[in-house]
Amino acid sequence: MPKLAAVTGWPLTYTRSPILHNYWCARYGIDGLYLRLPLAPEDFESGIRALQALGFAGLNVTIPHKEAAFALVDRRTPPAQRAGSVNTLIFEADGTVTGDCTDGVGYIDSLKEAGVSLPRRALVLGAGGASRAVCAALLDAGCTLTLANRTQSRAEAIVSALGGGDVIAWEDWTAHLPDVELLVNTTSLGMKGHEGFDWGDCLTHASPSLVVSDIVYMPLETPLLAAAHARSLKAVDGLGMLIHQARPGFAAWFGPYPEADATLRARLVETLD
Ligand SMILES: NC(=O)c1ccc[n+]([C@@H]2O[C@H](COP(=O)([O-])OP(=O)(O)OC[C@H]3O[C@@H](n4cnc5c(N)ncnc54)[C@H](OP(=O)(O)O)[C@@H]3O)[C@@H](O)[C@H]2O)c1
């Protein structure tokens, strides 16, 4: 029987995860299959138990199941505990379930792949689910963090949960650019369908060495990254994070720790139009 894994979410109309994992199965000659298996919220726990009983190695979990997955597991990795959510379930041989959150390591690895050394000071925009994982990873890597979010109380909640970082008013973030080496957009602003924000002059105060990264990857060149390119600043897109966050799950389910190679990236870029 092939090794099996899957991604679940709801409604999960489209996901790039099968492209990633099935590419790696082929590349490493693994008899494995990665499926898209939508589960409605009311079926989440029974569905997970059924897949476990069928012999699946584990699953990726996406919206809206990340909190339910956090509650369901028998143990959480330190990144999952820090992020307060689980995006990777690993079915262990003893019948227990381990929950991991790989968004933070995925983000850090995407910086490394882009040749960016970890900054001393970073400014993170946004305080949603992805932000907390990215903030935790940056803090744990020794970075000093400043956080700005439209709803300030959500940024304060992240700082309080993680035990580090400063919160500034959303309206003030551009004024803080001279003080940081890295700017990260973790809001959904700039994503297809969320184009209403004017990023035009936002980088006026940036130092020439500022690295600008956006975890939004659709479009690949977001308005923020376009503004960075216009100023000849180093820009890191969100596709690297998408690829790198998938690697620990693949290793846990299928064996090898996979490479994020150019062919895979090109294959994903084709799906972004
Ligand atoms: N590259 C990757 O692998 C990867 C992984 C995960 C997520 N993502 C992307 O990251 C983005 C955020 O994901 P998420 O799961 O964290 O979403 P989320 O939990 O819904 O958070 C959305 C964030 O965007 C902010 N926001 C939304 N509309 C805004 C507006 N008009 N003005 C200012 N701020 C606004 C929200 O601020 P409020 O708190 O004020 O509402 C919140 O901080 C999405 O585009 C997602 O596709 C990429």
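Colleague: Let's start with T15. Is it buried or exposed?
Modeller: T15 is buried, because its relative accessible area is 14%. Keep in mind that this is a predicted model.

Colleague: Where does T15 lie?
Modeller: It lies in the loop between strand 1 (3-8) and helix 1 (17-27).

Colleague: What is T15 in contact with, leaving aside neighbours within four places in sequence?
Modeller: V7 and R36. A polar atom of the T15 side chain lies 3.1 Å from the backbone nitrogen of S17.

Colleague: Then what about S17, buried or exposed?
Modeller: S17 counts as buried, because its relative accessibility is 13%. Its place is in helix 1. Leaving aside neighbours within four places in sequence, S17 is in contact with V7 and Y34.

Colleague: Which residues does UniProt list for "binding site"?
Modeller: The unreviewed UniProt entry lists T15, R16, S17, T62, N87, D103, Y217 and Q245. The lining of the largest pocket takes in T15, R16, S17, T62, N87, D103, Y217 and Q245 from that set.

Colleague: And which domain feature does UniProt place at residues 7-89?
Modeller: The unreviewed entry has "domain: Shikimate dehydrogenase substrate binding N-terminal" there. In the model, the span 7-89 is 41% helix and 18% strand. The end C-alpha atoms of that span lie 10 Å apart.

Colleague: New topic, aromatics. How many aromatic pairs are there?
Modeller: The count comes to nine aromatic pairs. One of them is F197 with W199, edge-to-face, at 4.6 Å centre to centre and 70 degrees between the planes.

Colleague: Which residues form the aromatic cluster?
Modeller: W24, Y28, Y34, F250, W253 and F254 form one cluster.

Colleague: How many residues of helix 10 are buried?
Modeller: Seven of its eight residues, so helix 10 (residues 247-254) is mostly covered. The buried ones are R247, P248, G249, F250, A251, W253 and F254. G255 follows helix 10, and its phi is positive, near 120 degrees.

Colleague: Which ring does the charged end of R76 sit over?
Modeller: The ring of F70, at 3.8 Å from its centre.

Colleague: Let's move to T98. Where is it?
Modeller: In strand 6 (residues 97-100). T98 counts as buried, because its relative accessibility is 8%. Its side chain makes a polar contact with the side chain of E92, at 2.6 Å.

Colleague: What does T98 touch, not counting residues up to four places away in sequence?
Modeller: V73, R75, T77, T88, L89, I90 and E92.

Colleague: Pick up T77 from that list. What is it in contact with, leaving aside neighbours within four places in sequence?
Modeller: T98, G99, D100 and C101. T77 lies in the loop between strand 4 (75-76) and helix 4 (78-83). It is buried, because its relative accessible area is 18%.

Colleague: Now the backbone. Which bond joins I63 and P64?
Modeller: A cis peptide bond, with omega of about 5 degrees. P64 lies in the loop between strand 3 (58-61) and helix 3 (66-72). The bond from M218 to P219 is cis too, with omega near 10 degrees. P219 is found in the loop between strand 11 (211-214) and helix 8 (223-230).

Colleague: Why point those out?
Modeller: Because most peptide bonds are trans. Likewise, most residues other than glycine have a negative phi.

Colleague: What is the phi of L12?
Modeller: Positive, about 50 degrees, although L12 is not a glycine. It lies in the loop between strand 1 and helix 1. L12 counts as buried, because its relative accessibility is 8%.

Colleague: And S232, what is its phi?
Modeller: Near 60 degrees, a positive value in a residue other than glycine. S232 lies in the loop between helix 8 and strand 12 (234-236). S232 is exposed, because its relative accessible area is 66%.

Conventions: Residues are numbered from 1 along each chain as its sequence is written. This is a predicted model: local features need pLDDT of at least 70, side-chain atom pairs count only at pLDDT 80 or more; totals for chains, interfaces and linings use all residues. Side-chain values use heavy atoms; hydrogens and water are left out. UniProt positions are given in the numbering used here, feature names are shortened, and annotations may be inferred rather than shown by experiment. On a 1 Å grid over the protein atoms alone, a cavity is a set of points where a 1.4 Å probe fits but cannot get out, and a pocket is an open set with protein on both sides within 12 Å along at least five of seven lines; lining residues have an atom within 4 Å of a point. Helices (H or I, at least four residues) and strands (E, at least two) are DSSP runs, numbered from the N terminus. Buried means under 20% relative accessible area, exposed over 50%, partly exposed in between (1.4 Å probe, protein chains only). Contact means heavy atoms within 4.5 Å. A polar contact is a pair of N or O atoms within 3.5 Å; within protein, one must be able to donate a hydrogen and the other to accept it, and residues adjacent in sequence count only if both atoms are side-chain atoms. Rings of Phe, Tyr and Trp (its six-membered ring) pair if their centres lie within 6.5 Å; planes under 30 degrees apart count as stacked, over 60 as edge-to-face and the rest as tilted. A charge sits over a ring if NZ of Lys or CZ of Arg is within 6 Å of the ring centre and within 35 degrees of the ring normal.
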